[in-house]
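The following paragraphs lead through a single structure, from individual side chains to the chain as a whole. Please keep the sequence and the coordinates in view while reading.

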Amino acid sequence: MQVYQGLDIITNKVTDSEQLECPHHLLAFLPPLSTFTVVDFRNRALSIIEDIVSRGKLPIIVGGTNYYIESLLWHILLDPDPTSSGDEQLLSDRDKGCVDMATAPSDGDTQPTTEQMMERLLRIDPVTANRLHPNDKRKIERSLQVYDKFGVCHSELLLRQRTMEGGGPLGGPLRYNNCCILYLHCDQPVLDERIDRRVDTMINSGLVQELTDFHREHTNPQTDYTHGIFQSIGFKEFHEFLMCSEERRASAEGRGLLEACVQQLKTVTRKYARKQVKWIKNRFLKRPGTNIPAVYRVDSTDADSWYSMALEPSLQIVTDMQGDKWPTLPPVPYTISTPGDNKHSKRVCAACDAKVIIGDPEWRAHTRSKPHQKRAQKLRKSQQQLVDILDTHLTISKQPHPDPSTTPQPHPGHSTTPQPHPGHSTTPQPHPGHSTTPQPHPG
């Protein structure tokens with residue numbers, strides 16, 4: 001996001017004084033609403049890297065968007081042919097919505113739904129479709145567009161890429177053989193605290209005003225926060241506050257809403273930091289292969305020990321590699337995944353509102369989580385109650401009932417009511433010579 005002009009606070013852009021320490025590239029050269037894809041980044045960055053190397057200097061790629069860094073390290077983007085850079089249009093179309101490559105809906109020009117696109121992908125490329133989450137619209141679009149562009153399934157193209165000479169788990173061969181990854185580790189509680197302090201510093205530096213000015217000039221209620229500069233952490237979190245009137249912002253309600261936005265920004269940033277660490281572990285440390293650069297971890301937890309624990313070891317590693325020597329600091333060992341793990345398996349959790357989980361490791365983590373265990377316990381309880389109800393019903397239904405075939409039946413034409421003997425009355429008659437009327441006592 002630092003490629004965009006302005007918005008220095010929300011993107012935590014390198015300051016002018018920091019840029020004086022060494023030359024920086026690809027900073028603040030794009031208008032805020034410009035589209036800048038991973039291919040655009042790759043093409044610009046590679047030409048800069050080549051220029052730096054040609055001058056005998058060392059290029060250092062710094063950032064947190066790991067997919068963009070991967071595009072420089074590996075041949076992972078799809079080209080129409082080996083001599084063409086035609087994938088610029090391929091990825092640019094993805095960012096424009098990819099209406100042309102999806103299933104045409106029945107109501108004409110309306111953009112197809114994610115469900116419709118997934119249905120088409122299942123028909124075209126079931127291997128890829130079964131690896132994707134049904135709500136991952138962008139990846140579904142991407143796979144459909146690859147098929148429409150090349151006439152070959154996305155899964156088939158990736159297989160060809162990984163099996164080419166020098167290829168491996170992350171794609172094609174490495175661009176640069178003498179490279180390494182420096183992973184700055186920080187204990188999570190310390191990192192969380194630093195993130196919170198950084199957000200507070202951004203607020204004190206005028207973040208709200210920066211967002212307000214940009215929002216007033218460039219956004220509307222229909223703004224898509226999944227493209228361009230709007231993807232930056234901070235815009236979505238403050239959207240509700242920025243949509244308020246000046247009067248509401250100044251009210252007690254508005255101040256409360258602003259504080260909620262600040263807390264949300266901190267929460268999202270902490271989650272993103274965890275996601276970055278997870279990416280490093282899953283992409284670089286759990287996929288051993290000949291085309292994976294060594295990963296060296298240095299510790300930045302103690303700010304007072306920055307030079308001895310982080311900077312000096314990093315410099316020594318790079319110096320050793322430039323001298324064609326193995327660094328004295330060992331790289332982080334690879335972590336072999338559990339045998340039989342399928343990172344692309346798809347499961348549906350009945351206890352969690354039919355939530356779709358992709359990958360065996362993710363499923364294990366999900367089933368160990370407290371929210372799942374709580375819902376699973378509730379589901380088991382309700383299922384047991386249902387079983388008890390059914391058992392009770394079955395027990396009642398099994399009680400013996402009279403068998404009509406064994407019950408004596410009256411002879412046809414006969415009445416079951418006792419009949420008087422012919423010539424007899426069923427009414428009690430008085431004894432001859434006696435009266436049934438009570439008589440008075442003599443006297």
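Arg249 lies over the face of Phe241, at 5.4 Å from the ring centre. A charge is taken to sit over a ring if NZ of Lys or CZ of Arg is within 6 Å of the ring centre and within 35 degrees of the ring normal. The model is predicted, so that local features need pLDDT of at least 70 and side-chain atom pairs count only at pLDDT 80 or more, whereas totals for chains, interfaces and linings use all residues. Residues are numbered from 1 along each chain as its sequence is written, and side-chain values use heavy atoms, with hydrogens and water left out.

Rings also meet one another. Rings of Phe, Tyr and Trp (its six-membered ring) pair if their centres lie within 6.5 Å; planes under 30 degrees apart are stacked, those over 60 edge-to-face, and the rest tilted. By this rule there are 4 aromatic pairs. One of them joins Phe29 and Phe36, whose centres are 5.7 Å apart and whose planes stand at 80°, so the pair is edge-to-face. Phe36 is buried, with a relative accessible area of 12%, while Phe29, at 25%, counts as partly exposed; buried means under 20% relative accessible area, exposed over 50%, and partly exposed in between (1.4 Å probe, protein chains only). Phe41 and Tyr68 form a tilted pair, with 5.3 Å from centre to centre and 55° between the planes. Phe41 belongs to helix H2 (residues 38–54) and Tyr68 to helix H3 (residues 66–73), so this pair ties together parts that are 27 residues apart in sequence. Here Phe41 is buried at 15% relative accessible area, and Tyr68 is partly exposed at 23%.

Helices (H or I, at least four residues) and strands (E, at least two) are DSSP runs, numbered from the N terminus. The chain has 16 helices and 4 strands. Which residues of helix H8 (residues 154–163) are buried? They are His154, Ser155, Leu157, Leu158 and Gln161. These residues cover an arc of only 160° around the axis, which puts them on the same side of H8; the arc is that of the directions from the helix axis to the C-beta atoms. Their cover includes helix H6 (126–129) and helix H7 (137–150).

Two backbone positions deserve attention. Most residues other than glycine have a negative phi. Leu7, however, has a positive phi of about 50° and lies in the segment before helix H1 (16–19). Asp324 has a positive phi near 55°, in the loop between helix H14 (306–322) and strand E3 (346–349). Leu7 is buried, at 8% relative accessible area, whereas Asp324 is exposed, at 68%.

Turning to the whole chain, buried residues make up 32% of its 443 residues. Contact means heavy atoms within 4.5 Å. Among contacts between residues at least 6 apart in sequence, 60% join residues at least 24 apart.

Confidence is given by pLDDT, the predictor's score for each residue, from 0 to 100. The chain averages 80, and 78% of the residues score at least 70. Confidence is highest in helix H9 (residues 188–204), at a mean of 96, and lowest in helix H4 (residues 87–96), at 34. Over residues 80–107 pLDDT stays under 50, and the model has 60 contacts beyond four places in sequence for them. Over residues 431–438 pLDDT also stays under 50, with 1 such contact. Where pLDDT is low, the predicted coordinates should not be read in detail.
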